[in-house]
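Subject: A structure for you to look at

Hello,

Here is the structure I promised to pass on. Please open it alongside this note, and I will walk you through what turned up.

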Amino acid sequence: MSAPTTTATESGWRARLGRATLELDALALTASTGITALLGLAYWTIAARGFPIGEVGRASAIVSAATALATVSNLSLGGMYERFLPVTGRDTRHYLLRGGLATAGLALLLGFGFVLMGPTQRLFVHDWEWLGFPLLVLTLAQFALLDNTLVGLRRARWAAGKNIIHAVVKLGLAAGAALLVLVGGESLVIAWAAPALLLVVLYLPVVWRLCGAESITRLMPSLPPRRELWSFFGSSVGIMVVGALAPLTIPLIVVDRLGPELNACFTMAWTLFSALALLLGTVVGPYIAQASSPGADVRRLTARFAGILIALSVSGAVFLWFGAPLLLGLLGERYALETESLVRLMALSLPLSVVGILYAGVARVARRLRLAMAMQILTAVVAVAGTALTIGRFGLDGIGYSYLVIEVVTTAILVGPAWRMIRRLT
C-alpha cells in the first residue's frame, strides 16, 4: 500500500518543483549576478589599488566599448533564443549554428570598424591592442549569447555557473597582474577577456550535445509564421542596437569631457548600478522561456514575475543609497567623493525601471514590440543627449539626472499599456 503513496508524493513534489522553475531560475541568475557584481567590485578594487587611475579609466573604457559592440553584433538573437528556442524542436541546432556564425562575423566587422573610425587614440597605446580589440568583441559576443541560449534551453542555472566562474578567474588574473606590477591597462583587459574565451570554448560543445538530446530532437518545430518571426526579429534588433548606444557612448563622453581619471570613478559607480539593473534583467529571460512554453500558466507566471521585479528593485535601491558609498570608499576617497550624488540618483531611478522591464518581458511573450522599440529609442536619445548637455555643468551627476528623467517618463508612458497588455495576455 505504500508504493502508490510514495509515487503520488513524488509526483506532487515534481509538480511543485515544475511550478517553481521560474523562481529557481530567477534565483540562480539573481544569485549569480549578485556574486558576479561583488567579485566585479573586488576586481575593480584591485585595479584601483594596483594600477594608476588613468590606466583603470582606459581599461574600463575599452571593456565598455567592446561589450556594447558585442551586444550589437548579437543582433538581438538572445531575445529570439529566449522566446523561441523552447519551440524550435529538432531544428534547434540549425538555428543556433546560423546565429552563431552571423554574430561572429558581425562582431569582427564592428570591432575592426571601431578601430579604424572610433575615438581610439586615447584608448590604445600598443599596436597589438588595435588588432586584439576585434577579437575581444567576438569573444564577449559569444560569451553573452551563451547566456541567452542556455536560458532558452531551460538551463539558466548553467549560465549562472558560467558567469560566476568567469568572475572568479578574472579576479585572480587581475590580482596576479597587480602583484607582478603590470601597470598597463591592457593587463586588466586581458584578465577580463582570457577567461571569457576559455569558457566559450568549453561551453559550446556542451550546448551542442544538449541540443541533440532526444527530448529536443523528437519534437516538431512550432514556430509562428515567417513574416511574424521577421517582424519580431526586426523590432528586437532595433531595441538592441538603440539600447547599446548609451553604454557605448557615455563612457567615451566622460573620457573626452572629464578625462580618464573621472571615467575610472564613473566606472566603479556604474558597475554597481549596472549589476543591479542586470539583476532585474536576468528575471526576464526565464519568464519569457517559461511563459512561451506550451501549456504555460501565463497569468500566474506574470504575477510572480512582477513580484520578483518589485522585490529586487526596492532592495537594490536601498543598497545603492546606503551601501554603495561605503563600498566605493574602499576603492579610495576620490572614488566615493566623485560619485556620492550619482549613486543616489541611480538609487531613485531603479524602482521606477520596474514598469519598463515588466512591459518589455510581457511584450516579448505577446510578440508586440513596436512600443518597446519606441521607448528604447527615447531612452537612448535622452541618455546620450542629456549626458552631453549636462556633464559640463553637473559633472558625473548629469548622467544620474538624465537616467532619473528617463525612468520617470518611461513609467508615465508605459504603465497603462503594460496593464492592458497583461490583461489581454492572461
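Let me begin with a definition: a charge sits over a ring if NZ of Lys or CZ of Arg is within 6 Å of the ring centre and within 35 degrees of the ring normal. With that in hand, look at Lys 170, whose charged end sits over the ring of Trp 192, 3.4 Å from its centre. Arg 155 places its charged end over the ring of Trp 158, 5.5 Å from the centre.

Some ground rules before you go further. This is a predicted model, in which local features need pLDDT of at least 70 and side-chain atom pairs count only at pLDDT 80 or more, while totals for chains, interfaces and linings use all residues. Residues are numbered from 1 along each chain as its sequence is written, and side-chain values use heavy atoms, with hydrogens and water left out.

**The core**

A nonpolar core here is a set of buried Ala, Val, Leu, Ile, Met, Phe, Trp, Tyr and Cys residues joined through side-chain atoms within 4.5 Å. Buried means under 20% relative accessible area, exposed over 50%, and partly exposed in between, using a 1.4 Å probe and protein chains only. The largest such core has 125 residues, and the members touching the most others are Val 56, Phe 133, Leu 188 and Tyr 287. Helix H12 (residues 260-291) gives this core its largest share, 17 residues. Helices (H or I, at least four residues) and strands (E, at least two) are DSSP runs, numbered from the N terminus.

**Aromatic pairs**

Rings of Phe, Tyr and Trp (its six-membered ring) pair if their centres lie within 6.5 Å; planes under 30 degrees apart count as stacked, over 60 as edge-to-face and the rest as tilted. There are seven aromatic pairs in the structure. In one of them, the ring centres of Trp 270 and Tyr 403 are 5.4 Å apart and the planes stand at 55°, so the pair is tilted. This pair links distant parts of the chain, with Trp 270 in H12 and Tyr 403 in helix H16 (residues 397-425), 133 residues apart. Both Trp 270 and Tyr 403 are buried. Another pair, Phe 394 and Tyr 401, is edge-to-face because the planes lie at 65°, with the ring centres 5.3 Å apart. Phe 394 is partly exposed at 38% relative accessible area, and Tyr 401 is partly exposed at 37%. One aromatic cluster is formed by Phe 266, Trp 270, Phe 273 and Tyr 403.

**How the helices pack**

Axes are lines fitted to C-alpha atoms, for helices over the stretch in contact, and angles run from 0 to 180 degrees between N-to-C directions. How do H12 and helix H13 (residues 298-331) cross? Their axes come within 9 Å and cross at roughly 165°. H12 and H13 are therefore roughly antiparallel to each other (angles under 35 degrees count as roughly parallel, over 145 as roughly antiparallel, 65 to 115 as roughly perpendicular and the rest as oblique). Helix H15 (residues 370-394) packs against H16 at about 155°, with the axes 7 Å apart, and H15 and H16 are likewise roughly antiparallel.

**Two last residues**

Pro 417 is in helix H16 and counts as buried at 18% relative accessibility. Gly 113, in helix H5 (residues 92-117), counts as buried at 19%.

Enjoy exploring!
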